[in-house]
Amino acid sequence: MLEKVEQLVEKVKGFTPKSEEELNNFRIEYLGKKGFLNNLFTSFKEVPNEQKKDFGATINKLKQLVQDKIEEHKSSFETATQSSKIDLTKNIPSDNLGSRHPLSLIRNEIVEIFNRIGFTVSEGPEIEDDWHNFSALNLPEEHPARDMQDTFFIQTNPDVLLRTHTSSVQVRHMEGNQPPIRTLSPGRVYRNEAISARAHCIFHQVEGLYIDENVSFADLKQALLYFAKEMFGEKTKIRLRPSYFPFTEPSAEVDVSCNICDSKGCNVCKYTGYLEILGCGMVDPNVLENCGIDSKKYTGYAFGMGIERIAMLKYGVKDLRLFFENDVRFLKQFDKSI
Ligand code: PHE
């Protein structure tokens with residue numbers, strides 16, 4: 001009898017299950033109701049008294065061994081089945097990522113387009129003084145053209161105001177640099193206007209300035225045509241209409257052909273075939289002199305556009321207020337990179 005149990009001990013020691021099923025059969029074979037151990041415990045009473053001690057100890061040893069074996073292998077099968085359940089190819093549900101604001105997308109696109117023809121970005125303060133926003137730009141105090149841009153003044157000091165255009169940044173740039181100058185100033189600007197579908201008291205502009213020897217109106221026209229084609233498509237045409245700005249002479253307003261109706265006339269272009277996108281002109285010699293640049297030696301052109309306006313045209317957005325409401329359902333429609 002004792003020999004039989006010792007044989008079983010050896011057998012258990014050498015047992016290595018290859019599957020969960022094999023381990024289960026092993027458990028039933030040894031620990032089941034009719035298994036080896038129960039049988040051995042039943043036959044315990046038949047064992048001669050003097051052998052009982054050794055016999056008992058050996059069956060207990062066998063039982064312990066069997067239990068250890070099961071414990072040892074059970075856990076290894078469990079981890080194996082768990083890891084086979086993990087699908088490593090599954091997409092992780094991403095956190096709700098944000099998207100770039102449509103105005104940032106358009107600003108970046110404008111900056112990139114002009115970067116390619118040598119323009120670099122310069123920035124300046126949103127709270128300005130009278131000189132940089134008005135006087136240096138050929139708009140002395142009491143000049144009626146100041147009314148073109150309804151201004152927010154800070155408290156009672158008329159010398160401190162929220163900039164009405166980023167031309168102020170160009171003044172600062174000219175004061176600190178000599179030609180050749182090729183600079184773009186994107187930024188937020190403020191005007192005291194009633195908020196509607198087409199106007200807001202806060203909006204964004206990109207203004208450009210190019211000053212060198214022999215810069216001509218033809219250069220301006222060519223740069224703007226290049227911009228319009230890059231921004232709105234190869235077939236885009238531009239049209240210049242004479243206009244007035246105190247800081248440029250001559251001045252013009254620029255329209256692009258309406259790509260919604262192919263210039264045939266629709267309600268977006270109000271049946272004119274064209275849409276206004278920016279103001280421009282040759283920098284007035286007074287402005288150059290105000291900023292310490294020799295107007296006999298240098299000439300330059302400048303242009304300025306509203307980013308909201310370009311975004312509305314490019315994306316077909318009919319109400320400018322949507323850009324400021326920050327409804328994520330609206331904002332998420334534009335950024336294709338996410
Ligand atoms: N600063 C003008 C505006 O805000 C735009 C402009 C810039 C016009 C440069 C001409 C030249 O309306």
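This is a predicted model: local features need pLDDT of at least 70, side-chain atom pairs count only at pLDDT 80 or more; totals for chains, interfaces and linings use all residues.

Tutor: Helices (H or I, at least four residues) and strands (E, at least two) are DSSP runs, numbered from the N terminus. Residues are numbered from 1 along each chain as its sequence is written, and side-chain values use heavy atoms, with hydrogens and water left out.

Student: Why is glutamate 142 called exposed?

Tutor: Buried means under 20% relative accessible area, exposed over 50%, and partly exposed in between (1.4 Å probe, protein chains only). The relative accessible area of glutamate 142 is 72%, so this residue is exposed. Its phi is near 75°, a positive value in a residue other than glycine.

Student: How is asparagine 326 classed: buried, exposed or partly exposed?

Tutor: Asparagine 326 has a relative accessible area of 47% and is therefore partly exposed. It lies in the loop between α11 (322-325) and α12 (328-331), and has a positive phi of about 55° although it is not a glycine.

Student: Why is histidine 204 called buried?

Tutor: Histidine 204 has a relative accessible area of 18%, and is therefore buried. This residue belongs to strand β6 (residues 202-212).

Student: What makes the pairing of histidine 204 and glutamate 308 a polar contact?

Tutor: A polar contact is a pair of N or O atoms within 3.5 Å; within protein, one must be able to donate a hydrogen and the other to accept it, and residues adjacent in sequence count only if both atoms are side-chain atoms. The side chains of histidine 204 and glutamate 308 are joined at 2.7 Å.

Student: Why are α5 and α8 called oblique to each other?

Tutor: Axes are lines fitted to C-alpha atoms, for helices over the stretch in contact (heavy atoms within 4.5 Å), and angles run from 0 to 180 degrees between N-to-C directions. Angles under 35 degrees count as roughly parallel, over 145 as roughly antiparallel, 65 to 115 as roughly perpendicular and the rest as oblique. α5 packs against helix α8 (residues 217-232) at about 135°, with the axes 10 Å apart. The two helices, α5 and α8, are therefore oblique.
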